[in-house]
Structures are given as C-alpha cells and as structure tokens.
Amino acid sequence: MAKKVPEIPGSSLADIAFMLLIFFLVTTTMDVDSGLERRLPPMPPEEQEDDDTPPIKERNVFVVLVNANNQLLVEGEITNIDNLREKAKEFMANPYNEETLPEKQMKEVDFFGPVEVTKGVISLRNDVGTQYGTYIAVQNELVGAINDLREDLAKQKFGKSFTKLDRDQQNAIKDIYPSRISEAEPKKVGGN
Amino acid sequence: MSKFRKNDSKELPPISTASLPDIVFMLLFFFMVSTTMREVTLMVKVTVPEATELSKLEKKSLVSYIYVGTPHQQYQKVFGSEPRIQLNDQFAKVSDIPDYITAEREARDEAEVPFMITSLKVDEYTKMGIVTDIKQELRKAAALHINYSSRKRAEE
C-alpha cells in the first residue's frame with residue numbers, strides 16, 4: 001500500500017494571489033489614450049505641379065491664419081480663439097444664405113431627400129513658430145464646430161445624439177456637414 | 001421558547017475565508033487583462049495639450065507612437081534643450097520616420113496595416129516647424145491616419 005501523499009495546504013494561496021494582485025495594481029496605467037483624430041491628405045504626385053482644378057471661390061474658403069505669436073487671423077480679422085467656433089459654425093451652416101458666406105449645392109442624401117450642402121472649405125495655415133498647443137486648440141475648435149453642427153442636425157432630425165445613430169444615419173449627416181479642413185501645404189519661404 | 005434561547009446563546013460562526021482566493025484571483029485577472037505595460041521609457045518631456053473633441057484610440061496594438069519634446073535633464077548635455085523626436089527608445093531625426101513606419105508595418109499582420117494609426121505625442125510648447133516636418137514625412141510614408149494625443153479639458 002502506497003503511503004498517502006499529504007495534501008498541499010491551500011491557505012497560502014490567498015497570500016500569493018494578493019502579492020500578484022498588488023503588483024498588477026501598481027504597474028497598471030488605466031489612462032485610455034485619446035486625442036484629436038485627423039487624416040492627412042495624400043502626397044500629390046511629383047510631376048503634377050500645377051493642377052488644373054478650378055480655383056475655389058473666395059467666399060467658399062474660411063481662412064484661418066496663425067502667426068508665430070499665436071495670434072489668429074480669421075477671414076482677415078484678428079480674432080480671439082473663443083470666438084472661432086461660432087464663426088466656423090456660421091460659415092459652415094450659412095443659415096440665411098448670405099452673399100459673403102459659402103454657396104450651397106443641391107444634393108440627394110439618404111433620410112433627408114434633396115438638401116442644400118455647403119461648398120465651404122476651412123483652410124488653416126500656421127507659421128513655423130506657432131506653438132503646438134495653439135495649433136491643437138485651433139484644430140479642436142474647428143473640429144468642434146463641425147461636430148456641433150452634426151449634433152444639432154442629429155437631434156433635430158432623429159431626436160438622438162449623433163454618436164447614438166447607426167452608421168447610415170451618421171453617414172447621411174456627414175454628407176450634409178462634411179469635415180473639410182484643409183491645411184495649406186507648408187511653404188518654404190526663401191531666404192531661410 | 002427554549003429553542004430561541006438556545007440560539008441566542010450560540011456564538012456567531014466565523015465567516016468562511018475559503019472563497020477569498022477566488023475573489024482575489026478574479027480581481028487579479030481583471031487587472032492582468034486591463035493592464036498595459038509602458039513599452040518605452042520616455043526620454044523627452046511631453047505634456048500633451050488639452051482638447052475637447054477627443055476620440056479614443058481603440059486598438060492599442062495598431063498604434064505607433066511618435067514623441068516630441070525637450071529632452072530630459074540627463075540627456076540635455078548630449079542632445080541639447082531643443083525639442084527632439086523620440087522613436088522607440090532612442091532619439092531620432094525627422095528623416096528616420098519613414099523607416100520607423102516601415103518597421104512598424106512589418107511588425108503587424110498584413111491585413112491590419114490599413115487600420116494603423118500614428119499617435120503624435122507632442123509637447124504643447126513645441127514649435128510647429130518640427131511637427132509640420134513630421135507630418136510631411138508621414139504623408140510621404142502614406143501613414144495618413146494620425147491622432148494628436150491630447151488630454152480631456154475640464155469643463156468649465
């Protein structure tokens with residue numbers, strides 16, 4: 001008869017597990033990485049220097065310039081960053097079809113039928129000496145303006161927040177308020 | 001009546017601790033799964049700017065990071081105090097970025113490559129010159145989906 005193997009005591013299991021637990025508690029970083037998501041335009045082909053796309057009309061462009069002192073020039077006026085979002089929203093929506101604000105184009109969109117879609121483009125240009133923090137703040141306001149407009153439309157049409165809509169509904173709203181933020185090609189000004 | 005009196009006098013039995021390891025293990029597994037170990041040691045000082053229109057980086061495994069900021073004190077003798085780029089565990093030049101992106105792509109599954117995101121962790125006091133250069137390099141490398149890492153701004 002083989003001698004019975006004594007049972008391994010399980011009382012220290014909790015201690016071992018606690019030790020591991022504390023280790024993982026300490027090393028854990030719970031912060032979820034988040035940030036402003038953007039898409040860069042693809043590099044233009046080398047040979048095609050002067051493209052023959054028709055120039056965009058002046059009224060369709062919302063020019064935002066940021067200089068090395070982090071000051072903003074919006075459509076030719078010095079503007080505080082707090083007012084940028086309102087201006088961008090007014091430009092993209094153009095509620096009263098004003099002459100100075102961008103043209104609209106009739107377009108067939110799902111759920112909505114024919115709607116007037118703005119032709120507006122936001123153009124952002126910054127200086128080499130602009131601070132990154134300012135640049136992000138400006139980007140944030142511009143993205144925020146478009147998000148606000150989409151949110152309003154979603155509430156008005158579907159009675160729900162934009163993030164709660166399904167993909168087709170979101171795409172329909174994105175068709176009406178496209179995110180057209182263009183960043184000017186960086187220019188190497190001569191003289192260095 | 002006597003029955004009740006008997007119960008009163010009886011001492012409360014000690015709570016069984018036999019299930020304690022199970023509970024602890026459950027917690028342990030939770031932390032093991034949710035934990036992300038920091039892979040690189042930061043050699044530059046990065047305080048990302050604040051923003052409100054944030055979107056989360058969903059798939060950590062598809063993200064490659066580019067850090068830009070002033071080098072920490074102990075590296076300043078060698079690398080100076082101007083903002084520098086850090087890729088993986090070393091300082092890099094702007095021209096190293098295409099190679100880095102290629103290396104990152106090769107490390108991933110081919111089917112996942114189109115969904116890769118580059119996260120720019122840039123200090124808020126950096127000048128735009130270096131950031132613009134990085135963006136141009138990323139465009140050349142066709143890594144067009146980027147994310148400007150930023151903190152959530154506290155609502156007023």
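## Confidence

Chain B has a mean pLDDT of 84. In this chain, 90% of the residues reach 70 or more. The model is predicted. It scores ipTM 0.74 and pTM 0.76.

## Interface between the chains

Contacts link 46 residues of chain B with 38 residues of chain A. On the chain B side, α2 (20–34), β3 (55–56), β7, α5 and β8 each supply at least two residues. That side divides into 22 nonpolar, 14 polar and 10 charged residues.

Strand pairing also crosses between the chains. Strand β1 of chain A, residues 34–39, pairs with β8(B). The sense is antiparallel, over 5 bridges. Within β8(B), B:His145 stands opposite A:Arg39.

## Helix α5 of chain B

Helix α5(B) covers residues 128–140, 13 residues in total. From first C-alpha to last, the helix reaches 18 Å, close to the 18 Å expected at 1.5 Å a residue. B:Ala142 follows the helix, with a positive phi near 60°.

The buried residues of α5(B) are B:Met128, B:Val131, B:Lys135, B:Glu137 and B:Leu138. Their cover draws on both chains. From chain A it includes β7 (121–126) and α3 (132–158). From chain B it includes β4 (63–71), α4 (97–107), β7 (117–122) and β8 (145–149).

## Nonpolar core

The largest nonpolar core has 41 residues. A:Ala88, A:Ile136, A:Val138 and A:Leu142 have the most contacts inside it. Helix α3(A) gives the largest share of this core, 10 residues.

Leaving out residues up to four places away in sequence, A:Val138 touches A:Val64, A:Val66, A:Leu72, A:Ile81, A:Leu84 and A:Leu124.

Key
Residues are numbered from 1 along each chain as its sequence is written. Chains are lettered from A and ligands numbered from 1 in the order in which they are written. This is a predicted model: local features need pLDDT of at least 70, side-chain atom pairs count only at pLDDT 80 or more; totals for chains, interfaces and linings use all residues. Helices (H or I, at least four residues) and strands (E, at least two) are DSSP runs, numbered from the N terminus. The expected span of a helix is 1.5 Å times one less than its number of residues. A residue is buried if 20 or more other C-beta atoms lie within 10 Å of its own, exposed if 12 or fewer, and partly exposed in between; C-beta atoms are placed from the backbone. Two residues are in contact if their C-beta atoms, placed from the backbone, lie within 7 Å. A nonpolar core is a set of buried Ala, Val, Leu, Ile, Met, Phe, Trp, Tyr and Cys residues joined through C-beta atoms within 7 Å. pLDDT is the predictor's confidence in each residue, from 0 to 100. Ala, Val, Leu, Ile, Met, Phe, Trp, Tyr, Cys and Pro count as nonpolar, Asp, Glu, Lys and Arg as charged, and the others, Gly among them, as polar. Two strands pair if DSSP finds at least two bridges between them.
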